Amino acid sequence: MEREPSERVDVCVVGAGPAGALVASRLAGNGHDVVVLEAGPQFDFDSRQRRMEQAIRPGDGGSVWEMGGDRDAFSATGEQYYPLNVSRVKGVGGSTLHWQGMVMRLHPTDFDGSHRNDDPAWPIGYDDIRPYYDAAERALGVAGDADNPFAPDRDGPFPMAGFPPSYSDSLFAEACEALGITMHSVPNARNSEGYDERSACVGYGTCQPVCPSGAKYDASVHVEDAADAGARIIDRAPVQRLETDGDGRVTAARYATPDGDEHRQEAREFVLAAGGVEIPRILLLSRSEHHPDGLANSSGAVGRYFMDHLFAGAGGTIDRETRQNHVGFITSECHQFYDDPGQTVERVDSGETVVSSSSDAFSPIKLEFLNYAGPSPVELALDADDWGDSLLDDLRADYGHSISMGGLVGQPPRRENRVTLDHSTTDDHGNPVPDVQWSFGDRLGRSLDRANEIQHAVLDELGTDVSWTVGPANTGPAYHHMGTTRMGVDPEKSVVNPQLRTHDLSNLTVASSSVFVTSGSMNPTLTIAALALKGADHVAERL
């Protein structure tokens, strides 16, 4: 690949994940001259079968998407350890190369701050982003059904019909009906039919970490669209810093290439779309005489308010077959406790209280019915001590009865949770690595406890022998990086304005979940995509 810079272009996009890909596709499609700089490689689509085999073959080890080493070094010095590299990808397509593909809209209450204790409101409302949600669903190709009574209003059907519920969903349905808990389908960014020249899902079941068929959306789709429209894509070109003039404008993105050289890509407009960790890192690395605390950081908020979604779950075995691991993605969820997480759960036939309500403030709770619960036969066989018929008997006894629930609970924004620079550790270009300083807080613990209470009520109703629970003491992140360049109208308290342009620099836009003001508890990618399209339109207005 030729990695020399282009002559000064209209737009330089940093990052080729979903946000950068959609921005590039939108702007290039409208006739603008676009260059995309991506830190990682362009992966060959034909390698996906091999990557899938690598993921499921015992003993191979290593990262399916080539993460690791000095390039991806990080620190985690906070109260809670943050395992950053477990679930990110540097490369064309970004983390959508191995995401699960769940795409839900945030609720109006997430934007206006109501029912969320003291959470701040966003400077935009649901109605401001609603048309962009519609466009994002069409762009990604979303399969869904209109059976969710708790979902926000929408302006038409999903692009494709939803996937049918899994077999284990039908088992959960019995228990949920008895408890007055509403199950419903969940939208997926994977094709339930042929869409956008990509096939329908063919059931590999390895959605994480790789979809060999391409039926699950990943951002390489829109990178290719952008290239077809004339955009130039430069891979293995990590941006080292942004250069500015004295008039509050970015003049160039300085990037490295595999041959050891550095180049300057000049542009009229710049868009940072490198995710909630690398974006603040680039801004902090770009400090200068005019910007001694880093770019766009007059508020001191760059890197601050780092948020994630935390996992709550429980599971075990029942005396019925569950057909575990037959589907690689979630087909049913419950959003009943999203806007009202403290509501009482009662047995429908008797009115008996099963889970009592509480006056304590909670984060929103999203519940998931996991049809991929329990170990696979391969895992069981590898851990077994027997062989032959004895092993086969053990597999038949131990496999196929696992069942579990999951869920996500969002972190409230906390100023002390942040991404900053660790000057004691450097990457392969000598730059300080990102340091994730992460902690929880009381509300998060209460919310996880609440989610576990509801999950145990459902599992008990099923007669489950519960063998594990993930709650406040042993929870982990969903790897949804949010909040490190928050949106707002006050330049003293935020990094970008409602048009996603930085307060401090007139030609720098941020397209990422890093602009989220609060985290909600819905998977963030659809909102990332909607905001990217919104930001692209505002960039186009200035060109």
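In S7, cysteine 12 has phenylalanine 270 as its bridge partner. That is my way into this model, which is a predicted one.

Let me start with the strands. S1 covers residues 9-14, and S7 covers residues 262-272. Five bridges join S1 to S7, and the two run parallel. S1 also pairs with S2, residues 34-37. Here there are four bridges, again parallel. Within that pairing, valine 14 stands opposite leucine 37.

Now, why is S1 described as largely enclosed by the rest of the structure? Because six of its six residues are buried. The cut-off here is under 20% relative accessible area.

Next, aspartate 435. Its place is in strand S16, residues 432-437. Aspartate 435 is buried, yet it has no salt bridge. Which side chain of opposite charge is nearest? Arginine 418, and it is 7.8 Å away. A salt bridge would need a nitrogen-to-oxygen distance within 4 Å.

So what does the side chain of aspartate 435 make a polar contact with? The side chain of threonine 77, at 2.7 Å.

Last topic: the backbone. Most residues other than glycine have a negative phi, and most peptide bonds are trans.

Glutamine 208 and proline 209 are joined in cis, with omega about 20 degrees. Proline 209 is found in the loop between strand S3, 184-185, and helix H6, 220-228.

The other two are phi values. Tyrosine 479 has a positive phi, near 65 degrees, and is not a glycine. Leucine 500 is not a glycine either, and its phi is positive at about 75 degrees.

Where do they sit? Tyrosine 479 lies in the loop between strand S17, 465-470, and strand S18, 508-510. Leucine 500 is in the loop between S17 and S18.

Is leucine 500 buried or exposed? Its relative accessibility is 0%, so leucine 500 counts as buried.

That's the tour. Over to you.

Terms used. Residues numbered from 1 in each chain as written. Predicted model: local features only at pLDDT ≥ 70, side-chain atom pairs only at ≥ 80, totals over all residues. Heavy atoms only, no water. Buried < 20%, exposed > 50% of the residue type's maximum accessible area, 1.4 Å probe, protein only. Lys, Arg positive; Asp, Glu negative; His and termini not counted. Polar contact = N/O pair within 3.5 Å; in protein donor to acceptor, adjacent residues only side chain to side chain. Pairing = 2+ DSSP bridges.
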